[in-house]
Amino acid sequence: MPAQLLDGIALSKKLRAEIAARGAIATAKGLRPGLAVIIVGENQASQVYVRNKVKACEDVGFHSVLERYSENLGEEELLARIATLNADPAIHGILVQLPLPQQILPNRVLEAIAPEKDVDGFHVANAGALMTGAPEFKPCTPYGCMKLLESIEYPIRGARAVVVGASNIVGKPMAMLLLQSGATVTICNSKTRDLAHHTKDADILIVATGKPKMITGDMIKTGAVVIDVGINRLPDGKLCGDVDFDTAKYVAGWITPVPGGVGPMTITMLLMNTLEAAEKSAKTT
Ligand code: NDP
């Protein structure tokens with residue numbers, strides 16, 4: 001029996017309608033949610049991501065600003081720009097697209113963003129708050145994965161969850177959100193011995209490695225929920241995930257497609273965080 005699809009496009013459509021409606025209420029109160037997106041350099045994939053983010057903002061009626069800078073931008077100039085946006089009342093969320101050119105230290109930049117405008121949830125204050133269970137903003141990709149699980153009313157409490165990948169932006173916060181929802185969580189990385197031993201034990205398997213199709217059907221527990229965060233471009237130009245969809249779909253109970261799974265949810269949760277930042281700003285002004 002092939003797995004059921006966890007459709008990130010359909011769920012995003014529903015959530016974005018709710019976000020647009022709440023955004024309209026905020027706008028009517030003079031608090032139109034505003035997102036500033038900064039991109040430095042010419043990375044092609046990043047250019048596509050930022051365009052999609054800005055378009056998504058426009059589609060739900062948010063104010064958005066896209067600032068593009070050349071590959072040679074200095075760190076101090078970028079920090080000065082962030083300081084200006086931190087003080088701009090029309091901007092509730094600031095996102096600096098990664099990766100940055102090598103002359104700019106990403107941590108300095110991410111920590112220059114005011115935590116209350118850190119809609120990516122990457123600031124060390126928000127990462128720390130996530131650890132203690134009270135994040136201001138959840139990082140968008142793991143947040144989107146949690147919404148996908150919520151959409152099928154998956155009983156996370158007591159489930160065995162395995163997260164393959166331990167990056168600061170996906171794997172670690174993902175594991176933390178699952179833990180806080182009551183799952184028993186294992187985090188795997190590139191040094192993990194006998195990866196399949198872990199993945200086959202997972203009721204919930206989240207994969208975020210950047211290694212195309214590395215999780216095959218024989219590494220998955222029958223009936224598991226498989227969420228594939230990976231986005232990889234193959235030599236023929238097609239996109240694929242970190243899970244081998246063609247073999248995994250015969251074993252999993254639920255599975256996200258790539259594209260059309262986690263990708264749209266990441267942008268949707270960015271909109272949600274921007275909306276919440278705008279709503280919260282009303283309470284602090
Ligand atoms: P990183 O490269 O920062 O991290 C990759 C992680 O995977 C590391 O922890 C690494 O281990 C681990 N890893 C690598 N190879 C293996 C392996 N063979 N077995 C087990 N673990 C392994 O990647 P990101 O977290 O930033 O992104 C992961 C993927 O998700 C990429 O394809 C990216 O494009 C995609 N992505 C998609 C998003 C979306 O919206 N859908 C958003 C963000 C990312 P170690 O720590 O030991 O190096």
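This is a predicted model: local features need pLDDT of at least 70, side-chain atom pairs count only at pLDDT 80 or more; totals for chains, interfaces and linings use all residues.
The largest pocket itself has a volume of about 1,400 Å³. It is lined by 48 residues, and those closest to its centre are Y49, T141, I231, G263 and T266. As for secondary structure, the elements giving two or more residues to this lining are helix 1 (8-28), helix 2 (44-59), helix 6 (140-151) and helix 10 (262-284), together with strand 4 (93-96) and strand 9 (232-233). If we sort the lining of the largest pocket by class, we find 24 nonpolar, 16 polar and 8 charged residues.

Let me turn now to the second largest pocket, which holds about 430 Å³ of space. Here the lining consists of 19 residues, of which G121, F122, A127, N168 and I169 are the closest to the centre of the pocket. Two or more lining residues come from each of helix 4 (106-112), helix 5 (124-131) and helix 7 (171-180). The lining of the second largest pocket divides into 14 nonpolar residues, 3 polar ones and 2 charged ones. With regard to the domains, the second largest pocket lies between domain 1 (30-114) and domain 2 (140-262), because both of them give residues to its lining.

Conventions:
Residues are numbered from 1 along each chain as its sequence is written. Side-chain values use heavy atoms; hydrogens and water are left out. On a 1 Å grid over the protein atoms alone, a cavity is a set of points where a 1.4 Å probe fits but cannot get out, and a pocket is an open set with protein on both sides within 12 Å along at least five of seven lines; lining residues have an atom within 4 Å of a point. Grid points are joined across faces, edges and corners, and a volume is the space filled by probe spheres set on the points. Helices (H or I, at least four residues) and strands (E, at least two) are DSSP runs, numbered from the N terminus. Ala, Val, Leu, Ile, Met, Phe, Trp, Tyr, Cys and Pro count as nonpolar, Asp, Glu, Lys and Arg as charged, and the others, Gly among them, as polar. Domain bounds come from an automatic or database domain assignment.
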